[in-house]
Amino acid sequence: MGIANSARFLFVSFLVTWVLSLGVEDVNGDVVPCKYPAIFNFGDSNSDTGSMSAAFYPRPAPNGVTFFHSPAGRVGDGRLIVDFIAKYFKLPYLSPYLDSFGTKFRHGANFATGGATIRRSNDSLFISGISPFPLEIQTVQYSNFKNRTTKLYSQAKRSSDIRKNYPRPEDFSKSLFIVDIGQNDLAAGFRTMMTNEKLLAEIPDMMNLFSLGIQFLYQQGARTFWIHNTGPIGCLPSTLFDIQNPAPGFLDGIGCIKYQNDMAKEFNRQLKRKVSELRAQLPLAALTYVDMYAAKYSLISNAKKLGFYENLNICCGSFKDGVRKYCGNNFLKNGTQFFVDPCKDPSMHISWDGIHYTEAANRWITNQIIKGSFSDPKFPISKACYRH
């Protein structure tokens with residue numbers, strides 16, 4: 001590259017960074033909202049719209065009962081936060097990358113899989129529920145998706161269905177990249193009875209691998225990142241049901257397991273710091289850190305005021321007298337098979353099955369985070385494409 005070309009390249013890079021930093025203003029001086037042609041999502045069951053259902057066993061009824069009226073690849077009665085974000089931007093619900101039937105990727109793809117972790121795991125899906133598709137694999141799948149669809153798009157005729165089903169090559173860098181992962185990394189530590197000291201020592205490695213995933217996507221042209229921290233894992237009813245006669249201080253003020261939530265807070269503290277470091281390392285990227293922990297904890301703390309039942313009142317499944325009846329499963333009672341049905345009105349519940357949130361809870365959480373009140377920087381998702 002000659003001196004003139006080098007200077008031109010540096011000037012263009014500076015100009016793009018400057019525009020992203022200031023934002024584009026309309027005639028009234030307001031920053032123009034971002035227009036995302038597509039959304040690409042990475043994560044676990046909090047945002048899996050059907051990849052694990054396509055790769056392994058389909059999600060059984062009564063999942064999907066509220067909105068889709070039948071199982072739709074999601075764990076829950078209806079839509080997830082990523083669904084509501086897509087709807088907010090008037091985009092279709094994301095097709096799961098691993099689903100080969102009826103999928104349309106024109107406006108993005110979902111690489112999230114239930115049970116996914118940041119780090120690779122030696123556990124089996126059938127033993128621990130850990131997904132074989134950690135963040136590293138999800139980002140590689142995105143790279144393959146981008147390369148293959150770009151090639152197919154360029155080879156196809158203008159009017160072909162191929163072009164209608166795949167993103168335009170120029171849309172990838174303009175898209176919104178959502179990342180929501182890490183809860184299962186902590187859950188694995190709790191499940192294996194790892195000491196607090198040991199698990200704390202593991203978090204920096206999680207952060208480094210998370211950072212590598214973001215950097216890899218950046219190298220692939222991703223520019224706008226909407227990064228969720230991990231929620232209050234100590235408030236999950238599935239864990240709380242096992243607690244009998246807790247010692248003083250074991251639970252916090254709203255009845256959640258304090259040491260687990262403290263671990264989640266430390267994870268989030270380091271994640272926020274890592275996102276700040278990435279802003280300095282990736283000059284053309286706009287990274288927003290979203291405090292999902294605070295949003296979800298606020299919902300659980302104020303359940304009754306917001307029109308919900310208290311957190312332990314789950315909609316589907318039961319945990320009584322040491323016996324667990326899982327949502328959608330059959331159980332035997334007095335020689336008769338019974339099906340574990342959902343509650344009559346899921347919209348009154350925060351928790352669907354003791355682990356995952358209901359559609360109503362997901363809608364409430366989405367309405368809070370898209371406004372930017374739980375974001376760093378504190379700008380709405382519609383302005384997340386700008387470097388603030």
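Which residues does F225 touch, not counting residues up to four places away in sequence? In this predicted model, local features need pLDDT of at least 70 and side-chain atom pairs count only at pLDDT 80 or more, while totals for chains, interfaces and linings use all residues. Residues are numbered from 1 along each chain as its sequence is written, and side-chain values use heavy atoms, with hydrogens and water left out. With that exclusion, F225 touches F177, I214, L217, Y218, A285, A286, L287 and T288, a contact being heavy atoms within 4.5 Å.

F225 is also among the residues with the most contacts inside the largest nonpolar core, together with F40, F42, F210 and I214. A nonpolar core is a set of buried Ala, Val, Leu, Ile, Met, Phe, Trp, Tyr and Cys residues joined through side-chain atoms within 4.5 Å. Buried means under 20% relative accessible area, exposed over 50%, and partly exposed in between (1.4 Å probe, protein chains only). This core has 42 residues. Elements that each supply at least two of its residues include β1 (39-43), α5 (135-155) and β4 (224-228); helices (H or I, at least four residues) and strands (E, at least two) are DSSP runs, numbered from the N terminus. The largest share, eight residues, comes from α8. Another core, of 36 residues, lies apart from it and includes I178, Y357, F374 and Y386.

S238 is placed in helix α9 (residues 237-240). S238 counts as buried because its relative accessible area is 10%. Leaving aside neighbours within four places in sequence, S238 is in contact with R324, G354 and I355.

F56 lies in the loop between α2 (51-55) and α3 (81-88). F56 has 32% relative accessibility and therefore counts as partly exposed.
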